[in-house]
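My entries follow the order in which I looked.

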There are 2 protein chains.
Amino acid sequence: MDQIAYVNGSFVPLSEAKVSVLDRGFLFADGIYEVAAVLDGKLIDNASHLARLERSVGEIALALPETIARIEEIQKELVKRNALINGMVYLEVTRGADKSRDFAFPKGVKPTLIMFTSVKNIVDAPSAKTGIDVITLPDIRWVRRDIKSVALLAQVLAKQAAAEAGAAEAWMIEDGKVTEGGSSSAFILTRDDVIVTRQNGSEILPGCTRKAVVKLAEEHQLRVEERAFSIDEALAAKEAFITSATVFVQAVVRIDGKKIADGKPGPMTNRLRQIYVDFAKATAT
Amino acid sequence: MDQIAYVNGSFVPLSEAKVSVLDRGFLFADGIYEVAAVLDGKLIDNASHLARLERSVGEIALALPETIARIEEIQKELVKRNALINGMVYLEVTRGADKSRDFAFPKGVKPTLIMFTSVKNIVDAPSAKTGIDVITLPDIRWVRRDIKSVALLAQVLAKQAAAEAGAAEAWMIEDGKVTEGGSSSAFILTRDDVIVTRQNGSEILPGCTRKAVVKLAEEHQLRVEERAFSIDEALAAKEAFITSATVFVQAVVRIDGKKIADGKPGPMTNRLRQIYVDFAKATAT
């Protein structure tokens with residue numbers, strides 16, 4: 001059965017969910033997106049995603065076509081219409097369709113808002129048990145990685161390189177330090193049991209799951225340092241892991257083919273994953 | 001009357017020219033574009049644009065859904081169907097619509113090819129007589145600016161900043177030197193009559209009009225140097241100008257509000273513009 005998507009005020013079959021070829025999301029990557037996980041039919045950490053959405057659109061002076069409250073209503077309506085149990089809701093807002101194709105912002109054009117869902121069993125994903133391989137490559141992205149824009153071609157190329165190497169993620173390196181993964185935040189657990197992840201700034205996306213995991217770790221009296229780390233440090237670490245809205249917490253067991261510790265998901269990663277799953281279920285809306 | 005656009009094999013009214021919300025051009029900026037000018041119903045320097053299209057798609061391992069010969073046929077058919085005299089043909093190819101929304105390349109998905117036209121009197125544009133203002137700002141783009149991708153958000157923000165300052169273009173600065181404009185190549189004419197424009201490399205797009213103008217200048221025994229220049233050098237220059245497919249050659253008369261020479265289009269710029277217009281008309285197809 002065809003899924004239902006949302007396009008500018010209407011719920012339509014996904015196969016009919018279309019935007020104009022003049023849409024600035026399609027012509028200029030002039031748009032922002034968010035992906036929220038769904039567990040048991042409920043949205044995970046969604047307030048955090050919507051807060052980031054507001055921040056991102058603000059950074060590119062794009063006015064949302066609906067209120068945040070209405071956007072959340074639409075997300076929930078879409079979950080319901082698709083009878084979605086486990087998966088995610090993707091949403092994208094762009095600066096709309098404008099005939100002039102001027103680079104500068106068009107006037108009097110209503111932004112585009114689209115959403116669709118997909119099914120994924122995040123909690124029981126096989127890779128959560130086995131861990132994943134990552135590769136490393138230079139971070140070739142633009143300067144404003146803190147904006148969650150759809151200008152994702154660099155990440156596409158990075159994750160394709162990972163896929164070709166049999167890895168699930170690419171860690172991007174700048175000035176000798178890891179920035180983040182193509183679609184996830186990067187963490188290590190040092191030999192002295194400090195959880196390390198890069199501090200927020202324009203160099204990385206402020207990950208919602210990253211933020212929640214840092215907060216939860218601190219609440220559990222775990223030591224967290226927000227600072228950049230190198231691949232050498234990651235290879236010498238006790239554990240490594242990634243976080244994202246659609247993988248939660250997932251162990252990294254090899255970097256560029258080299259094992260981290262014994263090459264298996266470590267106890268801290270498993271513990272943080274469980275803490276995050278518990279948090280997700282407890283706070284789902 | 002509604003214009004006619006081309007979408008994946010069909011000629012359709014522009015108002016009905018749509019792509020799936022799952023299109024990777026819309027979700028990931030995973031696409032390449034070209035814009036060719038039209039004069040008197042004929043395409044300008046189109047072989048150069050199509051050669052660059054082939055190069056760009058090759059750099060991101062995107063297979064064209066049609067041959068270059070067929071793409072040119074479609075361009076010409078579109079010009080004819082729209083009875084276009086003066087303006088441009090926009091074309092975009094993306095990695096197609098795929099339900100998975102995986103960053104890595106999908107398998108078995110046909111790329112999207114769309115085209116549309118717009119009307120513009122390039123030869124008699126008022127700004128060609130008056131010249132334009134440019135502003136300067138940091139170049140915050142990704143590393144692979146030689147790929148003509150639709151990941152254009154940095155250029156959108158740059159040209160919006162220019163528009164807000166009453167300028168028509170933004171010159172982007174990196175390591176103290178001009179890379180290029182938001183949608184054009186940057187040139188100066190030095191005090192000793194040398195035409196200077198930055199050498200090709202990953203730092204700039206290899207402009208088709210830039211390339212033609214350099215070649216034409218050399219054929220006219222004018223001195224050309226391909227090297228980076230600073231804003232100080234530009235401000236001390238005899239003339240400055242930009243080139244692009246849709247402005248041809250256009251004088252820059254002020255940079256950040258400061259006049260170049262007497263603040264009027266100079267004789268060399270006007271001469272190169274005329275040489276380019278003559279070349280365009282003589283070689284149009």
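**Entry 1: salt bridges.** I looked up Arg145(A) and found its side chain in a salt bridge with that of Glu174(A), at 2.8 Å from N to O. The model is a predicted one. This pair links distant parts of the chain, 29 residues apart: Arg145(A) lies in the loop between β8 and α5 of chain A, and Glu174(A) in strand β9. I noted Arg145(A) as buried because its relative accessible area is 7%, under the 20% cut-off. Glu174(A) has 22%, so I put it down as partly exposed.

I then looked up Lys238(A), which forms a salt bridge with Asp193(A), the closest N and O atoms being 2.8 Å apart. Lys238(A) is partly exposed at 31%, and Asp193(A) is partly exposed at 37%. I also wrote down a network: salt bridges that share partners join Asp139(A), Arg141(A), Arg145(A), Glu174(A) and Glu180(A).

Next I checked Asp146(A), whose side chain meets that of Arg144(A) in a salt bridge of 2.9 Å, N to O. Asp146(A) is buried at 6% relative accessibility, whereas Arg144(A) is partly exposed at 22%. Over all chains the count is 38 salt bridges.

**Entry 2: a buried threonine.** I found Thr209(A) in helix α6 of chain A. Is Thr209(A) buried or exposed? Thr209(A) has 3% relative accessibility, so it counts as buried. A polar atom of the Thr209(A) side chain lies 3.4 Å from the backbone oxygen of Ser244(A). Beyond its neighbours within four places in sequence, Thr209(A) has contacts that include Thr243(A), Phe248(A) and Tyr276(A).

**Entry 3: chain A against chain B.** I counted no salt bridges between chain A and chain B, but 13 residue pairs are in polar contact across the interface.

The buried area is about 4300 Å², and carbon and sulfur atoms give 75% of it. Phe26(A), Phe103(A) and Leu153(A) supply 18% of what chain A buries against chain B, more than any other three residues.

Last, I looked at the strands. β3(A) runs antiparallel to β3 of chain B, joined by three bridges. In one of these, Ser20(A) has Lys18(B) as its bridge partner.

Conventions: Residues are numbered from 1 along each chain as its sequence is written. Chains are lettered from A and ligands numbered from 1 in the order in which they are written. This is a predicted model: local features need pLDDT of at least 70, side-chain atom pairs count only at pLDDT 80 or more; totals for chains, interfaces and linings use all residues. Side-chain values use heavy atoms; hydrogens and water are left out. Buried area is the accessible area (1.4 Å probe) that two parts lose on being put together, summed over both. A salt bridge is a side-chain nitrogen of Lys or Arg within 4 Å of a carboxyl oxygen of Asp or Glu. A polar contact is a pair of N or O atoms within 3.5 Å; within protein, one must be able to donate a hydrogen and the other to accept it, and residues adjacent in sequence count only if both atoms are side-chain atoms. Two strands pair if DSSP finds at least two bridges between them. Helices (H or I, at least four residues) and strands (E, at least two) are DSSP runs, numbered from the N terminus. Buried means under 20% relative accessible area, exposed over 50%, partly exposed in between (1.4 Å probe, protein chains only). Contact means heavy atoms within 4.5 Å.
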